[in-house]
Each structure stands twice: as C-alpha cells, then as structure tokens.
Amino acid sequence: MFRPGVERLGGYCTQLIDRLSRPDFAASWKHASRVRGWTGRRESGALFEVVKSLPENPVIVEVGSFLGRSAITLGWACRGKGGGRVYCVDPFDASGDAFSKPVYETVMRGVASSQWECFHQNLRGAGIEQWVEAIRGTAATAASSWTTPIDLLFLDGDQSPAGMREAFESFAPFLKLGATLAVHNSAVRHYEAGHDGGRRLVEDVVREPAFSSIRTVDTTTIAVKSVAYPEGLR
C-alpha cells in the first residue's frame, strides 16, 4: 500500500546522495534524464565513473545513440576530465532490430525535428557538443575507415544477435589492452525474440580470460579487456 511513496523517497535519497557525493554526475544526469532513452541512472553513473578512470584524453566509441541520453553522460564526463572525445555511431534514421524499430518510430512521431537534429539539440542543451562527434552510419561502415585505439567501447545499437555481433566485431580489434567494453541491454532476463543480441554477445564473448572485472549494473555489462584480441572471435 505504501510502495509508491517508498519508491519516490528512495529515488529522492539517491538523487540527494549523488548531489552531495558526485555533483559532477548529478549535473550530467540532470540533462541526460530529460532525453528519451533507456539507459538508467545507476548504469549511467557507472559509465560516468568508467570515463573518469580512463587515461587522459580517452577515445570513446558509442554504437547506438538515438537522441543522445548516454552520449550526454559520456561527454559530460569528458568535459569534467578536461579531455577526451565521444564518437557516436548511429544511422540516425530510427532503424534497429524488429522489436526496437517501432518503438523508435513512435518516439520520433512526437518530435518536431529529425533524429539527427534532435540529437544535436540535446547535446547543445547539455553544453557538451564540443566533446562529442556524431558519425552517421552503421558500425561496420564507421569501422571500415577507423584507425584509432579505443579506451571505452559502449555497444547499444541494433539489439539483434547479428547486429550486436557485427558492432562488436567491427570495433573490438581497436580496443586497447586494459580498455573497457560496456554492453547495454545484456543482463540476465527475458528478451523478446531477436532483441537479445547484447545478452548473447556477453554469454559468448565477454568472459575470462579475454575479459576481466566483469560486472553488471542494471542492464549494462561492463568488462576490462585483459588479453590481446582473440583470433577466434573474428
């Protein structure tokens, strides 16, 4: 009977703790949470802390950006470090796996501008446009001309098994030893058919000895690359 009030109180306490102990993340979440997306507060906070722990001027690649919620989190963390860049790879056409595409299309019908324009408007609103570069295209297309070693790879694009695997195989060869891989929508739970690419990728690939310090925060799996890129994963 009292659960809704308890949940609201718990949410308020979490926000208060963040404002007091992590004012930089609290400020970023204030902007990110206004953007329609599916990356929650706890996993966003974990990604924020990952970026803070990376070397100076980190190279961050996000595959799947939609309207920029997680890009704001990552870009704000770079701004706090005073260096680094987030490369957001997305077709920016509301495409995706069969389960996600109708959801994206429904969201975009309620938005006056295009996905591309809305994404950039959200970055400007958060004040982090200079820390983020959007790359319009698929992971395979973007990676075909990519040459830069990566410190953090965040996979949150096409959620189909084939789409998630393609994104991983396109960019994983560029992960530095000790770099971080994060896979959204990959926790143990029930998935709609064809929407379980993140979970399958984690089960098949994100395991020791190739990766270490494997953990799950809400729906995001986070791991550290611990050995050279395994030939068997190509």
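Which residue's side chain is joined to that of serine 100 by a polar contact? In this predicted model, the partner is histidine 195, and the polar contact between the two side chains is 3.4 Å. Serine 100 lies in helix H5. Its relative accessibility is 4%, and therefore serine 100 counts as buried, the cut-off being under 20%. Leaving out residues up to four places away in sequence, serine 100 touches Gln159 and His195.

The largest nonpolar core holds 39 residues, of which Ile60, Leu74, Phe119, Ile128 and Leu152 touch the most other members. Elements that give two or more residues to this core include helices H2 (23-32), H3 (41-53) and H5 (100-109), together with strands E2 (85-90), E3 (132-136) and E4 (150-155). Helix H4 provides the largest share, six residues. A second, separate core comprises 28 residues, among them Phe168, Ala179, Leu201 and Val206. In soluble globular proteins, nonpolar side chains tend to be buried together.

Leucine 74 is in contact with Leu47, Val51, Ile60, Glu62, Val86, Leu152 and Phe154, when neighbours within four places in sequence are set aside.

Helices H4 and H6 pack with their axes 10 Å apart, at an angle of about 35 degrees. The crossing of H4 past H6 is right-handed. The residues that make this contact are listed by helix.

| Helix | Residues in the contact |
|---|---|
| H4 | Ala71, Ile72, Trp76, Arg79 |
| H6 | Phe119, Asn122, Leu123, Ala126 |

Classified by type, the contact of H4 with H6 comprises six nonpolar residues, one polar and one charged.

Technical notes. Residues are numbered from 1 along each chain as its sequence is written. This is a predicted model: local features need pLDDT of at least 70, side-chain atom pairs count only at pLDDT 80 or more; totals for chains, interfaces and linings use all residues. Side-chain values use heavy atoms; hydrogens and water are left out. A nonpolar core is a set of buried Ala, Val, Leu, Ile, Met, Phe, Trp, Tyr and Cys residues joined through side-chain atoms within 4.5 Å. Buried means under 20% relative accessible area, exposed over 50%, partly exposed in between (1.4 Å probe, protein chains only). Helices (H or I, at least four residues) and strands (E, at least two) are DSSP runs, numbered from the N terminus. Contact means heavy atoms within 4.5 Å. Axes are lines fitted to C-alpha atoms, for helices over the stretch in contact, and angles run from 0 to 180 degrees between N-to-C directions. A crossing is left-handed if the near helix is turned anticlockwise from the far one by less than a right angle, and right-handed if clockwise. Ala, Val, Leu, Ile, Met, Phe, Trp, Tyr, Cys and Pro count as nonpolar, Asp, Glu, Lys and Arg as charged, and the others, Gly among them, as polar. A polar contact is a pair of N or O atoms within 3.5 Å; within protein, one must be able to donate a hydrogen and the other to accept it, and residues adjacent in sequence count only if both atoms are side-chain atoms.
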